[in-house]
Amino acid sequence: MGLNVRAVFFDLDNTLIDTAGASRKGMLEVIKLLQSKYHYKEEAEIICDKVQVKLSKECFHPSNICITDLRTSHWEEAIQETKGGAANRKLAEECYFLWKSTRLQHMTLAEDVKAMLTELRKEVCLLLLTNGDRQTQREKIEACACQSYFDAIVIGGEQKEEKPAPSIFYYCCDLLGVQPGDCVMVGDTLETDIQGGLNAGLKATVWINKSGIVPLRSSPRPHYVVSSVLELPALLQSIDCKANKRT
């Protein structure tokens, strides 16, 4: 690999680790708990579906509430909405901590991803750039033990602005001593990873589109699309080759 790409920024969730799959496994464990210990029937799945919707719409402001209280409240509300009666905070806490612990157990870096990161880091700087609450993201990073594969780790919840704001990308560049035009952003979310890379003027953006979805016309347009993060090394080689031909 040449020197045209000097740094690669990786998203974490559903780019390097299967957060969605881990979350589904957590939900399945909660369904088992509610059905076996509390004798819920179809209500167990309804509750988990409601929590999933609440998570997808979540607006978290650390100055107002901690993430544990907020997510326990998601479970408490879902249980009450489904079963009626008085709020059951104790059951909500049991469900939340089972979901969370199961989810973290299944957040792992695959061996082929570890090998790819190890090889890439021999050629370029690697930085992990993830949005989200500080506590939640730090727990994921610890669970998948990915710290040693990166030159730096930046969490949106610890900064003034998250992706897609250009400021967090410039901060990452400063950490590594590189320019935006030296860097590539890799992630699975068009609205944050790709839009952010475009906003900051990075050399290239790479969208991980595992399911082959067709984006809306109004969506940000990545420079490159791959179905797996494992396709990245070959893509970086081609980016360098194109750059060399132009010079």
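Visitor: What amount of space lies in the largest cavity?

Guide: The largest cavity holds about 70 Å³ of space. That volume is the space filled by probe spheres set on grid points joined across faces, edges and corners. The model is predicted, so local features need pLDDT of at least 70 and side-chain atom pairs count only at pLDDT 80 or more, whereas totals for chains, interfaces and linings use all residues. Residues are numbered from 1 along each chain as its sequence is written, and side-chain values use heavy atoms, with hydrogens and water left out.

Visitor: Why is this called a cavity, and which residues line it?

Guide: On a 1 Å grid over the protein atoms alone, a cavity is a set of points where a 1.4 Å probe fits but cannot get out, and lining residues have an atom within 4 Å of a point. By this rule there is one cavity of 30 Å³ or more. The lining of the largest cavity consists of Ile 67, Arg 71, Tyr 96, Trp 99, Lys 100, Arg 103, Leu 104, Gln 135, Thr 136 and Glu 139. Two or more of the lining residues come from each of α3 (67-83), α4 and α6 (134-144), and α4 gives the largest share, five residues. Helices (H or I, at least four residues) and strands (E, at least two) are DSSP runs, numbered from the N terminus.

Visitor: What makes the lining of the largest cavity nonpolar, polar or charged?

Guide: Ala, Val, Leu, Ile, Met, Phe, Trp, Tyr, Cys and Pro count as nonpolar, Asp, Glu, Lys and Arg as charged, and the others, Gly among them, as polar. On that basis the lining of the largest cavity has four nonpolar, two polar and four charged residues.

Visitor: What makes a space a pocket, and what does the largest pocket hold?

Guide: A pocket is an open set of points with protein on both sides within 12 Å along at least five of seven lines. The largest pocket holds about 930 Å³ of space. Its lining has 32 residues, of which Asp 13, Leu 55, Arg 71, Asn 131 and Lys 140 lie nearest its centre. By class, the lining of the largest pocket divides into five nonpolar, 13 polar and 14 charged residues. Helix α1 supplies the largest share of this lining, four residues. The largest pocket also lies between domain 1 and domain 2, because both give residues to its lining.

Methods:
Domain bounds come from an automatic or database domain assignment.
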